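Thanks, everyone. Let me walk you through one model, with the cut-offs as we go.

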Amino acid sequence: MGGFEGHLFPGLSLFFYGLYHARLVSRALICNTPVQYPPRSPWSKGRWARLQQIYYVGLMKILSACILVAQEVHSVHGKLVLISKIYHQRNFLYRKQWQHLTIYTTYFLSGCADIISQNLLPQRCSAMEQGAQVLGIFVFLPLMLSHMQDVEGVELQAHVLLTQASFFLMLVVTAELWAPNMPQIWMMKAFFYMMLGSWLIQIAFMLYKPISGYKWMDDDKNDIMFVTTSFCWHVILTAILMLWIHGFSFVWYRYIR
């Protein structure tokens, strides 16, 4: 997640994944259905009937992970190696790139678990999907803590707030393992996924392409304080967006569909 694209693309992926969960939980609350996917009906006849009953969330995760990996590898100048061998020294090279690739690998594994559970097994195994999801968050959090060791100022404050949101998301997805069909937990999970995504997008513009055209100053306390204020605005706007999604879903499922 280095550079502008390295923050923007993961942010968009997490944000749209949160939007997807927000739609699911709104449908569950309005239609009084399970929070998870509804049970699949038997395969109907026809050439395209099977394709219509496939869940594509896992495929989108795998596609997103592949795009992120390609972007990360393309951003490396030279050969992507793990350890250098110079004058009998062993140096860990491209440490941040390897951390990013580790995160993308867990996202890829989560997509594989979704495909196996939702499309290949005779009965869906939600525990496997949720376990793969928890694995990704558990890997994401310590890597973000390691990321902050050589940054300071505005970038440090932005990543501290990102780590804080990641910690709460980890608590939510862990609780989901024991309460998989609680709308409250799914609502919080959708909220934190959108929060993480929108904040990563904000970090991309803040650090690499400031909208004002002026670079943020690490030695300016006003800039650092405004980063925290901006994060709080993201929290409020994400909550408003979830309310809007629920209101739109209410009109859609009650009066239109």
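**Aromatic rings and a surface patch**

Start with Phe-250: at 32% relative accessibility, this residue counts as partly exposed, since that class runs between buried, under 20% relative accessible area, and exposed, over 50%, with a 1.4 Å probe and protein chains only.

Some ground rules. This is a predicted model, where local features need pLDDT of at least 70, side-chain atom pairs count only at pLDDT 80 or more, and totals for chains, interfaces and linings use all residues. Residues are numbered from 1 along each chain as its sequence is written, and side-chain values use heavy atoms, leaving out hydrogens and water.

Now confidence. pLDDT is the predictor's confidence in each residue, from 0 to 100. The protein averages 82, and 86% of the residues score at least 70. Helix α7 (residues 183–208) has the highest mean among the elements, 91. Helix α2 (residues 49–52) has the lowest, 50. Where pLDDT is low, the predicted coordinates should not be read in detail.

The fold next. There are eight helices and two strands. These are DSSP runs, numbered from the N terminus: helices are H or I with at least four residues, strands E with at least two. The order from the N terminus is α-α-α-β-β-α-α-α-α-α. Of the 257 residues, 44% are buried.

On to the rings. How many aromatic pairs does a search of the whole structure find? Ten. Rings of Phe, Tyr and Trp (its six-membered ring) pair if their centres lie within 6.5 Å; planes under 30 degrees apart are stacked, over 60 edge-to-face, and the rest tilted. Ring pairs also link Phe-167, Phe-168, Phe-191 and Phe-192 into a cluster.

Back to Phe-250, which lies in helix α8 (residues 221–256). Why is its pair with Tyr-255 edge-to-face? The ring centres are 6.1 Å apart and the planes meet at 70 degrees, so the pair gets that label. Tyr-255 is exposed, at 63% relative accessible area.

Both residues belong to a nonpolar surface patch, together with Trp-244, Phe-248, Val-251, Trp-252 and Ile-256. The patch has about 790 Å² of accessible area, by the Shrake-Rupley method with a 1.4 Å probe, where only the protein chains shown count as cover for residues. Patch members have over 30% relative accessible area and no salt bridge, with nonpolar side chains (Val, Leu, Ile, Met, Phe, Trp, Tyr) joined within 5 Å and like charges within 9 Å. A salt bridge is a side-chain nitrogen of Lys or Arg within 4 Å of a carboxyl oxygen of Asp or Glu.
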